[in-house]
Structure formats: structure tokens, C-alpha cells
Amino acid sequence: MTAVKNRKAQLGPAEVKAELLAKYPPKVARKRSKQIMINEALENGTPEITANVRTIPGIITMRGCTYAGCKGVIMGPTRDIVNLVHGPIGCSFYAWLTRRNQTDPGPEGPDGENFMTYAFSTDMQEQDIIFGGEKKLAAAIQEAYDLFHPKSIAVFATCPVGLIGDDIHTVSRQMKEKLGDCNVYAFSCEGYKGVSQSAGHHIANNQVFRHIVGADDRPVEGKYKISLLGEYNIGGDGFEIDRIFKKCGITNIATFSGNSTYKQFATAHQADLNAVMCHRSINYVADMMETKFGIPWIKVNFIGAKATAKSLRKIAAYFEDKELIDRVEAVIAEEMPEVEAAVKEILPRTEGKTAMMFVGGSRAHHYNELFKEMGMKTISAGYEFGHRDDYEGRRVIPTIEVDADSRNIEEIEVEADATRFKPRKTAEAMQALEAAGTVKFKDYEGLAPDMDAGTLIIDDLNQHEAETLVKLLKPDIFCAGIKEKFSIQKLGIPMKQLHSYDSGGPYAGFKGAINFYQEIDRLVNSKVWSYMKAPWQENPQLSGAYVWE
Amino acid sequence: MLLRHTPKEITERSALTINPAKTCQPIGAMYAALGIHGCLPHSHGSQGCCAYHRSALTRHYKEPVSAATSSFTEGSSVFGGQANLMQAFSNIFAVYNPEIIAVHTTCLSETIGDDLPQIRKKAIAEGKIPEGKYVISASTPSYAGSHVTGFSNMVKAMTELAEPTGKKNGKVNLIPGWVEPADMEELKRLSKLMGVGTIMFPDTSGVLNTPLTGEYKMFPDGGTTIAELKSTADSIGTIALGEWSSADAARELDSKHKVPCKILDMPFGLKATDRFIDALHKMAGVNVPEEIMVERGQLVDLISDMHQYFYHKKVALAGDPDQLIAMTEFLVSIDMCPVHIVTGTPGKKFEKRIKELTAGMPCQVNVRAKGDFFLLHQWMKNEPVDLLISNTYGKYIARDEDVPFLRWGFPILDRQGHQYFPTVGYKGGLRLLEKILTLLLDRKDRDDTEMKFELVL
Ligand code: SF4
Ligand code: SF4
């Protein structure tokens with residue numbers, strides 16, 4: 001059985017790439033060809049890949065839209081903001097509780113606000129489309145306020161809103177003034193903007209930065225104050241990371257945006273370091289906070305036990321404080337034995353197995369770590385909505401062409417805050433830290449350098465390519481999202497969702513790593529894949545000996 | 001409490017929908033289109049809608065759901081999506097090669113005003129649609145109606161393919177409405193038992209409940225074939241189940257091709273199933289076989305055996321109009337009291353039908369078309385119930401209010417079985433009663449004091 005499973009097709013990457021493109025009309029093939037890169041280590045990085053470009057009409061894509069990136073991903077996990085979707089009902093309905101973001105509102109009471117279980121919509125009707133929906137929006141904000149008295153209401157535009165020209169920003173500003181004690185602001189995140197969810201991340205970053213970050217100067221206590229950016233508490237990942245931070249004595253002021261509150265965002269400017277998990281979805285806020293408040297950012301990754309240890313060490317090194325450095329080492333030493341025991345247990349069953357990952361804008365990279373720890377190899381990977389820098393590293397940013405779709409997404413001009421800008425470290429101190437090798441500021445090397453030579457890196461993988469890849473390379477596990485799950489599994493290959501994790505989690509941190517090892521072991525070694533043929537199919541000869549009169 | 005901010009006191013809302021009991025038209029159109037054999041549904045708009053609809057259907061059916069999109073960008077939103085759709089046609093036929101593409105619009109393309117029939121004409125003229133392949137289209141703006149309307153619009157669009165040959169085919173068209181693949185299978189089984197040849201459209205059985213075999217078929221074996229859809233013009237009549245989801249298509253076949261139609265409630269429960277069987281019997285001129293009589297008798301038997309547990313139990317319901325009407329009638333017929341009923345789908349007729357069905361019940365009935373789960377929950381806080389019936393979203397209310405909860409409707413995201421076990425027909429009625437009884441009796445067993453706890457129920 002294992003022998004059969006491990007028998008890999010002997011096709012080279014160039015042949016596989018040719019197969020992926022074979023069926024396409026010439027124009028499509030030309031375009032897709034640039035988004036399929038055969039990885040190799042070049043003197044100066046990795047080969048160039050085309051990314052963050054339009055999806056081809058008719059080609060069944062994994063991507064979603066700007067609204068999904070804005071309302072669903074970034075703003076969805078904050079529990080005490082009323083997220084009001086301005087548009088026809090569907091967009092609001094589909095983003096209602098479908099992302100598995102966990103939150104901890106604590107006990108009942110004034111601090112126990114949680115609106116994440118609610119879906120709020122203006123449910124626009126035909127007359128709103130014809131005559132405009134601004135009045136209805138204002139009325140809906142008022143009704144939400146009267147019912148719930150939230151500290152904040154966020155308004156999200158869906159496709160038709162931009163077209164009919166509703167000015168959601170003015171309505172929000174007017175309602176904010178009228179209500180007095182409720183911060184109301186809006187997101188122009190119509191689904192047609194940009195080319196994927198990524199544009200929505202950017203729009204969300206802009207407005208969170210503009211309307212919330214820095215709104216609350218009441219001091220937050222803590223010795224080593226950081227914020228964690230780009231962590232969404234899917235399946236409780238954020239809970240596990242917070243557990244570790246707490247153990248280390250690190251104060252996480254705000255997570256953007258898993259298990260978060262309005263106040264966390266509002267006080268996030270008081271952090272002394274921003275630790276960025278998902279580079280794609282949140283690097284804008286990190287950059288803007290640096291410019292405005294002087295908070296440096298570093299890339300971290302809490303997916304994978306070793307990556308977690310490494311990230312903790314980076315944070316400790318940044319603070320240059322012996323007490324913290326020792327504490328972090330002690331925590332790692334305390335946590336690792338359990339992880340190592342778990343690896344030892346599963347390794348004989350997972351070593352040498354192969355994985356493919358096509359997900360998000362960071363996870364296809366982050367989860368590489370976990371698979372490596374299990375002795376598994378990622379033979380092909382890519383992002384659904386990454387940019388070139390997520391593949392090739394931030395060094396390529398100056399060379400990325402800004403096309404019409406990206407130009408439409410606002411870039412906020414940020415200046416240093418007149419009173420609150422405070423460099424956390426001198427330029428010399430930062431240079432010295434970088435020279436020492438542990439900490440690199442504002443840096444992300446991307447997915448490609450961590451992938452083996454000869455692996456295929458594919459941007460915006462689609463249904464046809466996924467099926468072809470799986471058939472040709474027969475991975476032991478395929479990771480993507482819900483839309484891809486069952487077509488892959490029909491082929492007899494286990495599929496793990498890495499957006500929402502299907503049902504498990506957490507997979508971050510030390511405990512999460514153990515969960516993941518066990519989950520992948522369960523999937524790649526499941527008996528179910530051997531049940532697909534009935535006995536009479538495996539052995540179809542009929543024998544007269546068994547025919548009874 | 002998960003819905004801790006929902007107040008008991010009810011204030012009227014004019015602009016704000018909270019926790020909707022409906023979703024948008026295109027997902028219904030997509031579901032319907034999947035019920036045509038060899039069909040790729042296509043969402044004409046920006047790709048987010050398509051991604052959401054595919055995800056929602058996938059979460060409900062736990063099956064692959066393929067559909068393409070025109071992937072509008074800001075440019076297409078300004079200049080119209082014709083170029084995108086033309087390009088999509090070429091790519092779809094080259095890469096996926098379906099028999100037919102069923103296009104539906106979205107809010108975006110509707111607001112822009114894209115004219116699908118005209119774009120199709122142009123595509124045909126330019127040779128973008130290969131010989132022997134088909135494209136049908138439905139207009140499905142989400143700022144009107146609901147997912148049910150979208151379903152109905154796509155089913156109506158299927159009648160475009162009807163092509164009379166001048167010779168009757170002796171069959172009955174059966175439009176099942178938005179029910180589960182298992183329900184469609186059951187309707188076919190019942191028709192077969194009756195000896196009635198049917199053309200069911202759409203038919204998602206064999207499409208959204210396929211086996212795991214190691215082979216992936218983008219176009220599974222099930223679904224109504226194009227030949228069958230053509231032949232609907234030659235049928236002796238049409239039985240349409242559900243005014244909201246099926247009537248338009250039936251009327252279209254009637255007015256265009258003189259295929260007479262009978263519009264019935266969906267056959268959930270005893271009486272609606274009786275009317276369905278009776279209609280088949282009359283329209284096809286066949287007798288009702290003994291097997292079906294036995295199934296009916298079994299359902300009546302269970303009702304009589306367990307009547308004491310149903311009697312005057314209060315029920316809250318959220319769902320789609322056709323389902324709710326049939327379910328309300330069923331509950332009333334076994335002396336349960338449906339007291340709070342909301343659907344998100346607009347339509348004055350709904351409230352009227354529910355009021356007629358519940359007239360004479362010993363309880364006051366709250367009913368609202370264009371209602372939402374928030375209102376339903378508030379009603380339940382004011383007048384508690386013994387059972388909640390709704391799609392999965394009801395579980396938050398059920399947990400907060402500690403009410404037994406029957407998942408029934410769309411979407412069901414957290415339990416299995418709906419795609420395999422029907423709730424239509426007499427056997428489906430048995431299943432519904434079994435589920436309701438189990439919920440009520442499990443609750444009784446949980447809540448009874450030790451003194452009152454009993455072995456035999
Ligand atoms: S834009 Fe319209 S069609 Fe698309 S998901 Fe939203 S409501 Fe549905
Ligand atoms: S980790 Fe992936 S799925 Fe999550 S927000 Fe980032 S890009 Fe999206």
C-alpha cells in the first residue's frame with residue numbers, strides 16, 4: 001500500500017508545466033505561463049513570477065473579492081465593532097460566521113461585547129439601487145446604534161454601492177457626529193476593485209489606521225509591549241500564541257485582528273515593536289505605524305515549533321534585555337520536549353511524504369515549516385492572492401510595476417505624528433541588531449527561497465491546474481480552501497483546508513504544532529483512501545465454483 | 001450567551017436587517033444549474049460572488065461545486081462586462097468543455113445593465129459557442145427577491161430549451177423546487193412506483209451526492225439532460241412543486257408550449273404528499289399502487305402512535321416560503337402549534353397562506369415575510385417554544401434559549417444526512433417525525449425528574 005502511494009510520477013518540472021498549459025487557448029497559456037515558475041536559486045534571489053494580476057474570465061479561480069479580504073479577513077475577527085454591510089443581502093450572509101475566527105468576549109457585562117455572531121445588512125432593494133441607498137444606510141446605522149450602543153460601527157460597501165455612487169464616507173462621518181459616542185467609518189471595498197482579496201486587505205489597513213489606531217492614549221501597562229499583526233485566530237491560533245507570550249512576559253497590546261477589540265487597535269500605537277505574521281494582509285499598517293509613531297516591524301512566524309522558537313528569540317533580541325532573553329529560552333526549553341516527542345511519534349509515518357499548498361498570501365509559506373518538521377516535502381506551492389514580494393521577497397518591491405488595478409487602491413500619505421512620533425531605537429542601534437544577525441527590520445524574504453530547486457511555484461492556481469497537478473505528481477496531501485476540497489478528495493488524495501482548517505486547530509505555536517502533526521498523520525495515513533474499490537472491482541474474475549444451484 | 005445583545009423588547013426596524021433568513025439570487029441560480037447534466041454555471045459579475053456561492057454550496061453538500069465567473073474588474077464595471085463574458089465563453093469551452101453554460105447575473109452586472117440575451121446572440125454570431133453546445137441565461141439581481149427567486153429564475157430559463165416535436169412523449173414534467181438531491185431522488189422513486197414517466201428538472205441527485213471512487217468528474221453522471229429539457233415541450237403536463245421556486249417555469253411551459261400545469265405545495269408531510277400523489281394519479285391517469293398506500297399508512301400510524309408528544313407543542317420556524325408552508329401544514333395536521341414563522345423571502349401571499357393554515361389553532365401566530373432571525377429570536381424570548389426548525393444558523397438561538405433544534409432547510413453546515421435522506425413524501429414524513437420526536441423525547445428524558453423518568457415512552 002505505502003509502496004503504491006510513494007510511487008511518484010517521474011515527470012520533470014518543465015514537463016509538468018507544459019501539461020498544465022496544454023489545454024489553454026494561446027492567450028491564456030501565455031498569461032498563465034508567467035504565473036507558473038520553476039524554482040531555482042539564482043545568484044541574486046529566485047526567478048521572477050507574475051502575481052497580483054487579473055484572473056482570466058471563465059477560468060475557475062480560487063480567488064474571492066476585495067470585500068472578502070476587507071470585511072471577511074481583516075475586520076471580521078474584531079468582536080466589539082458592529083460590521084454593517086451596505087448592499088444587497090448576499091455579501092453579508094456569506095461572511096456571517098463562516099471563517100472560524102474564535103473570540104473570547106469573557107463573561108457577560110459591559111466588557112463582554114461580541115457582535116461576531118450577528119450579520120448586519122442594509123439589504124438594499126431595487127428602489128435603493130435606483131434612487132440611492134444613503135438614507136437607508138443612515139437609518140440602519142441609527143437603528144444599530146439604538147439597539148446596541150456599540151463603541152464603533154464599520155460600514156462596508158459591496159459591488160453595487162460604488163456604481164450607484166452612494167457616499168458612504170460622508171454618511172458615516174455625519175452619523176459619527178450625530179451619535180457622539182460611536183466611531184463610525186466606512187470601507188470602499190467593492191468586490192470589483194483590485195484583482196483579489198488582497199486589495200481588500202489594503203483598504204482595511206488604510207481605514208483601521210486612519211480611524212482607529214492611535215485613538216486612545218490611555219497608557220497600556222507592560223514591560224515588553226508588542227502588537228501581533230496578521231494573525232486571525234482561526235481555530236484558536238491566536239489563543240496559543242498569546243499563551244506563549246504571556247509565559248514569556250511579553251505584552252501583546254493588539255492582535256490585528258484575531259480575538260481583538262476596538263480598544264486594542266486604538267492603543268496599538270503604544271507598542272514598541274510590531275511583529276508581522278501574515279505579510280500580505282497587514283504589511284501596510286506596519287509600515288504606516290512605523291512612519292507615524294516610530295514603531296519598527298519585524299517578520300515573525302508562529303507556524304511551526306522551530307519557527308515559533310525563532311520568532312520568540314527575534315522579539316527577545318529586539319528588546320536587548322537579558323531577563324527577557326533568558327525567559328524566552330526557558331519557555332522554549334520547557335515547551336520543546338513535548339513537541340519533540342510528538343514529532344518522534346509521527347515521523348516514521350510522515351517522513352518522505354509530499355505536500356502541495358495553494359493558499360492565501362502567507363500560509364503557503366508558513367506551513368512549509370510544519371511539513372519540514374514532519375519530514376515532508378512541499379513539491380508545489382503558491383498563493384491565491386500574493387504579490388511578487390510574497391514570493392521573491394521585499395527586495396523586489398521597487399521593481400514591481402504598478403498596474404491599473406493596483407493604482408486604484410488608495411495609498412495613504414503618512415507623516416510622523418507631531419506629538420507621538422517616538423523612534424523606539426536609534427538608527428545605529430537598529431543597524432547593530434541587524435549586523436548581529438538575529439533581527440532584520442522591515443524584511444521578508446518570501447516563499448521562493450524556502451522552496452527546493454525544481455519545485456513549481458504557481459500563482460492563482462485554478463481548478464484545472466490543481467486537478468492536473470494532483471494527477472501528475474500525486475502528492476500525499478493537498479492544501480487549499482473549501483472550494484477545492486472535495487474535487488481533490490474525489491481523486492483519493494486527502495485535502496486539508498488551510499484557510500479555515502476544516503475543523504481543527506490551533507496549529508500555531510508549540511501546542512498547535514503538535515495538533516498539526518497529528519492531523520496530517522491522520523489524513524495521510526487514513527484507511528479511508530483504501531476503501532474506494534470494492535472487492536469485486538479489485539478482483540473481477542467470476543468463478544463458477546461459487547455458484548450454487 | 002452567543003447572541004447576548006438581542007433584546008426581548010421588539011422595536012420595528014425599517015433599514016437594518018440582522019441575521020438574515022435569506023440570501024441572494026445567484027446562489028439559487030447556481031444550485032438549479034447544477035441540476036442540468038453537463039452544465040457549468042457561470043456567474044456574470046466580479047469573482048467574489050461566485051467564490052461565496054460555491055463555498056456556501058460546498059459547505060452544505062460537502063461536494064465539489066464547479067462554477068466559473070466573468071471576474072469583473074473596475075474597468076468592466078464601468079464599461080460593461082460583455083468582453084469578459086465573451087472571453088469566458090471561449091475559455092470555458094476550451095478548457096472544461098461543458099455541454100451547456102448557464103449564466104446568471106449578479107448585483108454588479110445588473111446594476112450596470114448588461115444584457116445577457118444580447119451578449120449571447122453576439123457570442124453565437126462570432127462563433128464563440130461551438131456547434132451542439134448551449135448557453136442559457138437568467139437575470140438574478142439580488143436586490144429583489146431572494147435565493148429562492150434566483151432558483152426560480154434559472155429553472156424558468158431552462159424552459160428556453162424546450163422544443164416541441166409535435167408528438168407527445170407521454171411524460172409528466174416534474175419541477176421539484178429547491179429541495180435536496182435526496183428529495184429529488186425520492187420524488188423520482190414515487191413517480192416510478194406510480195408507473196409515471198417523468199422529466200424532472202432540475203435534478204441534482206447524482207450531482208451533489210456522488211460517491212468517492214478515486215475519480216473526479218467535473219460533470220457528474222446525474223442531472224437533467226438537454227434532450228430531456230427539449231422534450232419538456234412534449235409532455236402531457238407539468239407538476240410544479242412550490243409556488244415560489246417552481247411555478248414560473250411551469251407557467252412558461254404552459255403559455256409557450258401549451259403544456260398544462262398544476263402548481264402544488266412541496267410534498268412535505270401527509271396532506272401535501274397526498275395532493276402530489278393525487279395529482280400524478282390524475283394527470284398521468286394511473287392508479288396508486290399498494291406500496292404507496294402502505295407508506296402512507298405507516299405515516300398515519302406513527303402520527304397516531306405518538307400524537308401525545310406532538311400535541312400542542314409550540315414550534316418556531318425560519319426558512320423558505322415553499323418549505324415553510326408545507327411544514328406549517330404538516331405541524332398543524334399533527335396538532336403541533338407553529339407560533340413564530342419567518343422567511344426572508346418577500347411576498348405578501350406567504351403571510352396569508354400561513355394565516356389560513358394556522359387559523360383555528362389554539363395559539364396566536366406570528367408570521368413575517370421579509371423577517372430575519374433576529375426578529376424570530378425576539379419573538380421566542382417573548383413566547384418560548386418547544387422546538388426550533390431552521391437552517392444551521394438557528395443553532396445560536398437554540399443554544400442561548402436552550403430549545404431543541406431541528407436543522408432543516410438551507411444551508412445546513414454542521415450536520416450530515418440531508419443529501420442522502422429525503423424529507424419529502426410519506427417516507428420523508430416519517431423521517432421528519434422521527435427527528436422531531438427524538439428531539440422532544442431526548443429533552444423530556446433530560447429534564448424529567450428522577451421520579452418521573454420512564455423507561456417506556
Ligand atoms: S454582490 Fe450581489 S450577487 Fe454578489 S454576493 Fe453580494 S448580494 Fe450576492
Ligand atoms: S494567512 Fe493567508 S488566509 Fe490568512 S489572511 Fe493571510 S493570506 Fe489570508
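A residue counts as near a molecule or strand if its C-beta atom, placed from the backbone, lies within 6 Å of it. This is a predicted model, in which local features need pLDDT of at least 70, side-chain atom pairs count only at pLDDT 80 or more, and totals for chains, interfaces and linings use all residues. Residues are numbered from 1 along each chain as its sequence is written, while chains are lettered from A and ligands numbered from 1 in the order in which they are written.

The residues around ligand 2 include A:Val73, A:Tyr232, A:Cys278, A:Arg280, A:Arg363 and A:His499. The shell divides into three nonpolar, five polar and two charged residues.

## The six-stranded sheet

In chain A, six strands form an open sheet with mixed pairing, in the order β1-β12-β11-β10-β13-β14; strands are DSSP runs (E, at least two residues), and two of them pair if DSSP finds at least two bridges between them. The edge strands of this sheet, β1 (36-38) and β14 (495-497) of chain A, each pair on one side only.

Strand β11 (residues 377-382) of chain A runs parallel to β12 (residues 456-458) of chain A and is joined to it by two bridges, and A:Ser380 has A:Leu456 as its bridge partner in β12(A).

Note on methods
Nonpolar A, V, L, I, M, F, W, Y, C, P; charged D, E, K, R; others polar. Helix = DSSP H or I, 4+ residues; strand = E, 2+ residues; numbered from the N terminus.
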